[in-house]
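Here is a short note to read beside the model. Please follow each point on the structure as you go.

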Amino acid sequence: MRWSAGQAKTWKAKRSRLDCTSVTLALVLHDWRLVERIVGLTNRLGCALTRLDLHLRDRLYHATIDVTGPPDALRRLDAQLTRLLNDDKEMSR
Amino acid sequence: MPDPADSTGSQLILDILSDEGVDVVFGYPGGAIMPLYDALHRHSIRHILTRHEQAASFAAGGYARATGRVGVCMATSGPGATNLITGLLDAQMDSVPVVAITGQVRTPLMGTDAFQEADVTSIAAAATKRSVCVRDVTDLERALRAAFRVARGPRPGPVLVDVPQDVLKAACPRFNAFAARPIAVANERPGDAALSEAVELIRRAERPVAIVGGGARSANATQMFRELCALLELPHTATINGLGCAAPHDPRFLGMLGMHGWKAANLAVNSADLVLALGMRFDDRVTGRPDKFARNAVVVHADIDASEFNKVIPVRVALRGDLRHTLAHLLQRLAELEHRPRFSGWAAQAKALGGPLPADRTPQGELSATEVLDAFFAVAPDDAIVTTDVGQHQMWAAQRARASHPRNFLTSAGLGAMGFGVPAAMGAQLAFPERTVVAIVGDGGFQMSLPELATIKRYALPVKILLVDNRRLGMVRQWQELFYERRYSATDLSDNPDFVTIARGYDLRAERIDDAGEIRDALERFLVAREPRLLHCACFPAENVWPLIPPGATVADAMECRPGENLESEAIPA
């Protein structure tokens with residue numbers, strides 16, 4: 001799994017088991033309400049969310065999210081998050 | 001120096017809309033948004049009162065699709081706001097720039113299940129690019145500016161701004177028209193390495209096919225796409241949203257691609273060794289089974305949205321950037337090639353892969369919908385804007401449309417929202433009062449938008465409605481016939497009302513035809529008049545859309561007529 005969307009997120013794959021992969025997402029959000037959308041998308045793509053931490057630091061929200069799911073679904077989640085974070089950045093200007 | 005408190009949130013919203021170039025908004029008032037409507041009463045922005053909020057969001061989408069500018073709709077809190085959602089999701093699916101402004105209950109009441117309260121920002125989150133609630137009037141300008149910026153792009157889409165009533169009423173400084181404005185510019189271009197690889201793949205290809213989608217319309221890249229096709233003599237096809245990007249009479253244009261696309265287009269893509277996918281997103285109605293789609297081809301995919309790459313179809317080369325810039329760079333590099341490839345031989349072969357559109361032969365004396373639409377597109381003005389609703393008539397129209405401009409054929413493609421055709425035509429007509437605007441609708445979708453006849457009448461919009469009435473929910477009926485062993489569940493509309501009487505009830509001119517011999521004269525009367533008109537075509541109910549690639553199947557499974565038999569003769573109630 002490879003992320004290419006820039007600085008607003010990083011992705012770390014942990015392990016593979018039964019066609020599922022667990023990943024840890026590190027996201028930087030301007031609007032903390034995006035967490036709601038990320039949870040919804042994770043569910044919609046058939047993945048499971050197993051941890052969610054959110055901290056406010058320097059007026060930005062730093063989210064750490066563990067997600068488990070099939071690689072294909074995680075790839076789609078990646079694509080959707082790229083869009084969300086781009087718009088989040090633009091809306092905050 | 002302006003008085004620090006000589007304006008209100010409502011006035012500020014309208015002044016910002018004006019400054020963003022908005023000249024018309026579509027909406028419906030209600031309790032929470034009354035302060036904004038009160039300010040609107042004194043403002044130069046034109047408000048179009050639709051008869052349902054859903055029509056307001058569809059009309060804003062129609063305006064935006066026809067012009068490329070941001071369409072604006074507004075509604076009150078609760079049901080008003082939720083009624084906008086379908087139109088917003090339609091804009092989201094087809095990347096159409098729309099800004100929706102909704103009233104909200106006063107901030108102290110939010111979260112108390114107040115009258116007409118809905119958490120619309122959450123509801124709209126999955127139907128828009130962004131939805132925000134502005135709780136402080138001092139944040140209103142920043143939020144609205146951002147909404148327009150995000151709606152415009154780089155990939156356009158809808159944004160919802162929810163404003164509580166107390167924020168609409170709050171005093172604030174007068175809008176300063178000379179304030180610095182952030183401007184969104186989408187001029188990203190792909191990297192040199194990717195461009196070089198794409199050119200090399202084109203140079204080595206033997207059977208390339210280009211597919212153009214709605215992204216070319218958004219990027220104003222139509223001319224460059226046509227230049228690319230001409231330079232390489234490249235066979236090309238279009239998604240339904242890309243219709244009009246290709247020159248309709250270019251001999252290398254293979255017609256629409258996909259489930260109901262032209263045979264030559266689907267077979268050519270199936271045979272291709274290179275697919276150039278330009279501003280399209282490999283919708284399932286285009287690909288059928290993705291693992292079988294163009295399986296002999298490598299794919300070069302150009303799009304402004306990186307999230308589209310590898311979403312459905314594996315891509316060899318991804319060209320991320322504004323499509324106009326991408327095509328400009330491709331054209332330049334291809335033009336400089338010492339041995340530039342030309343694909344005229346393959347283009348002729350591709351064109352020969354398919355024949356004319358297959359069509360059912362309706363029984364003697366019955367009016368054929370495809371015959372009506374063939375006749376319509378033969379006489380419609382070149383610059384006419386055609387909108388459709390959703391269903392069989394939409395596919396028949398898309399197959400036959402000869403749009404010379406990508407903003408001349410407007411349809412709810414991704415969402416497939418019935419009720420779209422008439423309000424979208426209203427939006428397009430308001431943008432272009434002098435042009436011929438025709439809504440082609442079926443009897444199902446038309447009945448979802450009937451109240452808008454009042455809007456058409458009130459504003460004297462010369463929208464023409466071509467009603468293809470087969471007294472069925474035709475597309476669902478067709479699938480029931482083909483895939484559900486003819487169990488026609490809930491698709492019979494044989495007790496439709498008298499549409500001509502209804503139109504006349506709204507004081508609109510209307511005419512009904514039942515016979516093929518009446519088509520030509522009726523269409524002439526219909527198109528010549530500079531006034532709204534309804535032409536009600538009472539068509540045979542069992543005519544199907546062909547070809548059809550069944551869902552999840554491949555071009556090899558395409559159906560061109562009913563399996564093993566002729567058109568059934570259904571009993572049609574008098």
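1. Start with one term. A residue is buried if 20 or more other C-beta atoms lie within 10 Å of its own, and exposed if 12 or fewer do. Keep in mind that this is a predicted model.

2. Now apply the term. Asp113(B) has 8 C-beta neighbours inside 10 Å, so this residue counts as exposed. Find Asp113(B) in the loop between β5 and α5 of chain B. Its phi is positive, about 55°, although Asp113(B) is not a glycine.

3. Look in the loop between α20 (474–483) and α21 (499–505) of chain B. Glu485(B) is not a glycine, yet its phi is positive, about 50°. Is Glu485(B) buried or exposed? Glu485(B) counts as exposed, because 7 C-beta neighbours lie inside 10 Å.

4. Next, turn to helix α4 of chain B. It covers residues 79–93, which makes 15 residues. From the first C-alpha to the last, α4(B) reaches 22 Å. That is close to the 21 Å expected at 1.5 Å a residue.

5. Where does α4(B) bend? The bend is at Thr86(B), and the angle is about 30°. Thr86(B) is also one of the buried residues of this helix.

6. How many residues of α4(B) are buried? The count is 12 of 15, so by the cut-off of 20 or more neighbours the helix is mostly covered. Among the buried residues are Gly80(B), Ala81(B), Leu84(B) and Ile85(B). Further along, the run from Thr86(B) to Met93(B) is buried too, including Asp90(B) and Gln92(B).

7. What do these buried residues pack against? The partners in chain B include the strands β2 (24–28), β4 (71–75), β5 (98–104) and β7 (158–164). The helices α3 (53–67) and α5 (120–125) are partners as well. After α4(B) comes Ser95(B), with a positive phi near 55°.

8. Finally, check two peptide bonds. The bond from Gly153(B) to Pro154(B) is cis, with omega near 15°. Pro154(B) sits in the loop between α6 (140–152) and β7 of chain B. The bond from Trp546(B) to Pro547(B) is cis, with omega near -5°. Pro547(B) lies in the segment after β20 (533–538) of chain B.

How values were computed
Residues numbered from 1 in each chain as written. Chains lettered and ligands numbered in written order. Predicted model: local features only at pLDDT ≥ 70, side-chain atom pairs only at ≥ 80, totals over all residues. Helix = DSSP H or I, 4+ residues; strand = E, 2+ residues; numbered from the N terminus. Expected span 1.5 Å × (residues − 1). Bend = angle between axes of the 7 residues up to and from the residue. Contact = placed C-beta atoms within 7 Å.
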